[in-house]
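Visitor: I have the model open beside me and would like to go through it piece by piece. Please begin with something local.

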Amino acid sequence: MSKLLLIDDEKGIVRVLSISLKSDGYDVVTAYSGEEGLEVFQRESPDIVLTDIKMPGMDGLEVLKRVKDLNPDTEVIIITGHGDMGSAIEALQYGASDFVNKPVRDEVMAIALERAKEKLFMKRKLREYTEDLENMVRIATEEVRRKSEFQDKLITSSNDGIVATDEGGKIVIFNPGAQKIFGYSRLEVVRKTSITDLFPPEIGEEFKKALEHKKIFKGFDWKEVMITAKNGESVPTRFSGSLLYENDEAIGSVGFFQDLTEIQRLERELIESERLAAIGQTVAGLAHYIKNILSGLKGGAYVVKIGLDKDDTNKVRAGWQMVERNVGRVSELVLNLLTYSKERKPEYQVCLPNEIAEDVCVLMETKAEENNIEIIRNFDSSIGKVSLDPDTVHRTLLNLVSNAIDACIFDSNASKKWQVSITTALEDNGIIRLEVSDNGCGMNEDVKKNLFTSFFSTKGGKGTGLGLLVTRKLVGEHGGKINVTSQSGKGSTFVIRLPYSEVIH
Amino acid sequence: MGKKVLIVDDDPDIITFVVTVLEENGYISLMALNGEMGMTIIKAEKPDLIILDILMPKQSGIKMYRDLKSDESLKKIPVIILSGIAKRTFLRSQEALTAFGDEPVPEPDVYIEKPVEPEELAETIKNVIG
């Protein structure tokens, strides 16, 4: 129910009007002068004020101004006498919502009141809407702020180095992770440095090009790259990156870096400790092999002594050969153990790989012939002088060829025409392939699984189990790879791939 | 006529050594480089003693010893094991085979771990076959 204040100095009109208004459902308060009206207004806070314009003392226009000052939302309806049109218009200018002429007719009053109420309602709605809108804007702003802060924290707290640029390649984000990896502070880099100054050239240039052409760029998958830190040191990192798009348009780039220094150190340590543990196991597993060598040495000495006592040259020669052979086995064993237990860097030299392979073939020829095994050479004659570690090539080939010959000797299928072939070839990207293939006994799954395990040997008392371990280590240190295929009863193929550098004449 | 002794070992150095010891002590020596060859010679020559290595390619001494001791006509031939493998390892492997259902076999007459002194080997042979 709307509260209504009725002001008129004519008490009769007040009485009559208030009865009619009350019957229309209004809560009516009254006053008989402008001054009293204002008092009642302040006390009762009505929604609508109905005031006569002509009153002794404070007139209706003044009441209107004061009321509007106190509460601009109040609807004020002016009651005018005959010929007060000028005042009525003035009242409208001051913000009155309507005016009714005296004598006040009920229908006219009802319409004016309806309009006033409608205006009140609209105003209230408008205020509600405005407040709602402001509220929503405030909530949205807060949400945006929270999200941006969250993303900021995300970037800041990431252990990965995050480096983002604008569309011109200038760095705009450089998080603490990136500061740790690159060694620059944020202030030294942000908005000062370009991507091409900070990133390794192969990445920086690629990003720059992609940004300039604004074309779709598929980005970089995770890969290992070396970056150069502020102090000039190279830092191994894992990197991935991509362009940032807005409506299909490149607006910047982002790169993620993970520091691999610690991981690589741990990996090295692990390999080192694994190898040392393997040495311990190997030595224990070598007991029978060493005992065999000792037997050979002692036996040789004994045979030599008997030969000398009896002046039997043949005996002396036989004994001496035993001593020699076993001294050879001791040297080979010790050398293998040393090679396996120590980290070794390849010594790169200019050499002819085919010549080294030929040396190995010549060394093994006698043993092969004795056992009816043919050695086949498939050397690529286009291989010239290259730079690699000749010792690695020699020792790995010798080991593989010696294994291949043993595989033929151990083969129980006597109908076979045994062959061991040695292949040399060049592959793309500066890789030389050395292949040793035999048609001997081959390996079953169990043997294949244990192939590179310490002191695992299928050669009875003759094997140390070190051969392939050493071979793999040498190949690994040379940055190469070794692969095996084998079929039980059919033979085995070992392939070594070593990186080399061409020698420019 | 001297007694016949067969030496089975894949290492030609051991064979040369044992043969020399045998000759020095008046025995007739027979030799085989693996178990397969050894069994053929044993069946053909019926030696008085077998000196056997354990770790050999193709057919191991573990299996050959078992074959010998399971054969009625051969089980009486005394066997000296001469190996780089410790005796308990050899015995354990025989126990394992027995546990898997094979007939139990007696322990070898003598077990010598390599390396062996020539005098010790000669003495041992004399003790076994005279």
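This is a predicted model: local features need pLDDT of at least 70, side-chain atom pairs count only at pLDDT 80 or more; totals for chains, interfaces and linings use all residues.

Visitor: Which residues of H16(A) are buried?

Guide: In H16(A), which spans residues 467-477, the buried residues are A:Gly467, A:Leu468, A:Leu469, A:Thr471, A:Lys473, A:Leu474 and A:Val475. Buried is used here for a residue with 20 or more other C-beta atoms within 10 Å of its own, exposed for 12 or fewer, and partly exposed for in between, with C-beta atoms placed from the backbone.

Visitor: New topic, then: in what order do the strands of the open sheet in chain A run?

Guide: The order is S2-S1-S3-S4-S5, and the pairing of these 5 strands is parallel; strands count as paired if DSSP finds at least two bridges between them. S2(A), residues 27-31, and S5(A), residues 98-101, each have a single partner strand, so they stand at the edges with one side left without a neighbour in the sheet. Ignoring direction, neighbouring strands are turned by 20° against each other on average.

Visitor: How many bridges join S4(A) to S5(A)?

Guide: S4(A), residues 75-80, pairs with S5(A) over 4 bridges, and A:Thr80 stands opposite A:Asn101 of S5(A). The pairing of S4(A) with S3(A) is parallel too, over 5 bridges, and there A:Val49 stands opposite A:Val76 of S4(A).

Visitor: Which strands does H4(A) touch?

Guide: H4(A), residues 85-93, packs on the sheet and touches S4 and S5 of chain A, its direction making about 175° with that of S4(A). H5(A), residues 106-157, also packs on the sheet, touching S3 (48-52), S4 and S5 of chain A, and its direction makes about 170° with that of S5(A). These angles run from 0 to 180 degrees between N-to-C directions, and axes are lines fitted to C-alpha atoms, for helices over the stretch in contact.

Visitor: Where is A:Gly95?

Guide: A:Gly95 sits in the loop between H4 and S5 of chain A, and it counts as partly exposed because it has 14 C-beta neighbours inside 10 Å. Residues up to four places away in sequence aside, A:Gly95 touches A:Leu64 and A:Lys68. Its C-alpha atom is separated by 8.5 Å from that of A:Glu75, 20 residues apart along the chain.

Visitor: Which peptide bond is cis in the neighbourhood of A:Pro103?

Guide: The bond from A:Lys102 to A:Pro103 is cis, with omega near -10°, and A:Pro103 lies in the loop between S5 and H5 of chain A. In chain B, the bond from B:Lys114 to B:Pro115 is cis as well, with omega near -5°; B:Pro115 is in the loop between S5 (110-113) and H5 (118-129) of chain B.

Visitor: What about A:Ser45, is it buried or exposed?

Guide: A:Ser45 counts as exposed because it has 12 C-beta neighbours inside 10 Å. Its place is the loop between H2 (34-44) and S3 of chain A, and its phi is positive, about 45°, although it is not a glycine. A:Arg191 is another residue other than glycine with a positive phi, near 65°, and it is found in the loop between H7 (186-189) and H8 (195-198) of chain A.

Visitor: Last one: how many residues does each chain bring to the contact between A and B?

Guide: Chain A gives 23 residues and chain B gives 18. On the side of chain A that touches chain B, H11 (287-310) and H12 (313-341) each supply at least two residues, and the largest share, 13 residues, comes from H11(A).

Terms used. Residues are numbered from 1 along each chain as its sequence is written. Chains are lettered from A and ligands numbered from 1 in the order in which they are written. Two residues are in contact if their C-beta atoms, placed from the backbone, lie within 7 Å.
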